[in-house]
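Open the structure in your viewer and get ready to select a few residues. We will go from stop to stop together.

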Amino acid sequence: MKWKRSLLLLWLAACVGLFSACGTQKAADTENTAKLLGFSQLGSESSWRLGNTESITRAAESHGISLMLKNANQRQENQIDAIRSFIAYQVDVISFSPIVEDGWDNVLTEAKNAGIPVILVDRLIHTEDDSLYDAYVGADFYQEGVRAGEYLVQKAERMKADKLCIVEIAGTQDSTPGLQRYQGFHDVVDQDSRLITLETVSGDFLRSKGKECMRSLLEKYGDQIDVLYSHNDGMTLGAIDVLEEQGLVPGKDIIIVTVDGEQEAIDGLKAGKINCVVECTPMLGDLVMELAEKLMAGEAVPKVTHPEEQVFTEFDDLSDLAPRGY
Ligand code: GZL
């Protein structure tokens, strides 16, 4: 099937050669380096996601890779359709950020049968056949949850607290960050008898749902709540809006632990409204394109690539922290 695209490119190169004696090498170079990556982005639900899309777009340009970018607007069926269109277009590499972990085997089997390598970005899939993707580039979400839990244990020590009651606003159900940020956090806090989880609700990584969740949690538990653990900054910022509407002081009346590290959250940390920000960088574009170039050249690639990530807390000196870029 790819021979048709190659024939078309050769024909185009020949045409360019006919009209420009010096163009033959350029046309041939263009034919040899015109590499195409199809990327299905899951949506535009948060500043993190917008930063990730920008990172992918900029990196494709700087690596000289043509990019077909499709936004699924938070719907898995749109991602599946996008992947099928990439297969039909015979892209050189398919990449996508799976909105949830299940339901990908069929379409990725079609990509495998078409001989197109697949790079997962930011989130993993649940499959019995891990040959259906060639590489994963993204965070270790379990460790992000562990870091959030370890901060809270440290906070309880510093406060000499006998008991801290936690409410948790989780990310998209069945998504890798939603599952693993929960597990990592609870594998730490559930071992500490001072730390009691009152309830975990899903805010789907949306600021608007973070507001709704915080409002209903306050109605249900009121001043029992000592801690909010929120799986992303967007939901956290929505929750902070509600706390302030109700006359509560975020970061003081309620300890706030959040994940992502977008600028607005770091600003909240510096202002004392947030106590801990666990970084989850969206700047994955260059890592993706480096892997894509290797796959396009037929080279082996690592199955998993995690970016470096850190934690920012109220106990740190943040004065020289660089702008976040998302
Ligand atoms: C995490 C990413 C999550 C972010 C949210 O890598 O999948 O999705 O934490 C985003 O902000 O919506």
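Predicted model: local features only at pLDDT ≥ 70, side-chain atom pairs only at ≥ 80, totals over all residues.

K209 is partly exposed, with a relative accessible area of 31%.

Next, select E45, R49, D122 and R123: salt bridges with shared partners join them into one network. Zoom in on D122 and R123, whose closest N and O atoms are 3.6 Å apart in their salt bridge. Are these two buried or exposed? Both D122 and R123 are buried.

For another pair, pick E110 and R84, a salt bridge with its closest N and O atoms 2.7 Å apart. E110 belongs to helix α5 (residues 105–113) and R84 to helix α4 (residues 76–89), so the bridge ties together parts that are 26 residues apart in sequence. E110 is partly exposed, at 30% relative accessible area, and R84 is partly exposed at 36%. In total, the structure holds 20 salt bridges.

Now select helix α3, residues 47–62. Color its buried residues, among them W48, R49, I56 and A60. What do the buried residues of α3 pack against? Show β1 (36–41), β2 (66–71), β4 (118–121), β9 (255–260) and α11 (285–296) to see these partners. After α3, stop at G64, whose phi is positive, near 70 degrees.

Finally, zoom out to the whole protein, with its 11 helices and 12 strands. Of its 326 residues, 50% count as buried.

Terms used
Residues numbered from 1 in each chain as written. Heavy atoms only, no water. Helix = DSSP H or I, 4+ residues; strand = E, 2+ residues; numbered from the N terminus. Buried < 20%, exposed > 50% of the residue type's maximum accessible area, 1.4 Å probe, protein only. Expected span 1.5 Å × (residues − 1). Contact = heavy atoms within 4.5 Å. Salt bridge = Lys/Arg side-chain N within 4 Å of Asp/Glu carboxyl O.
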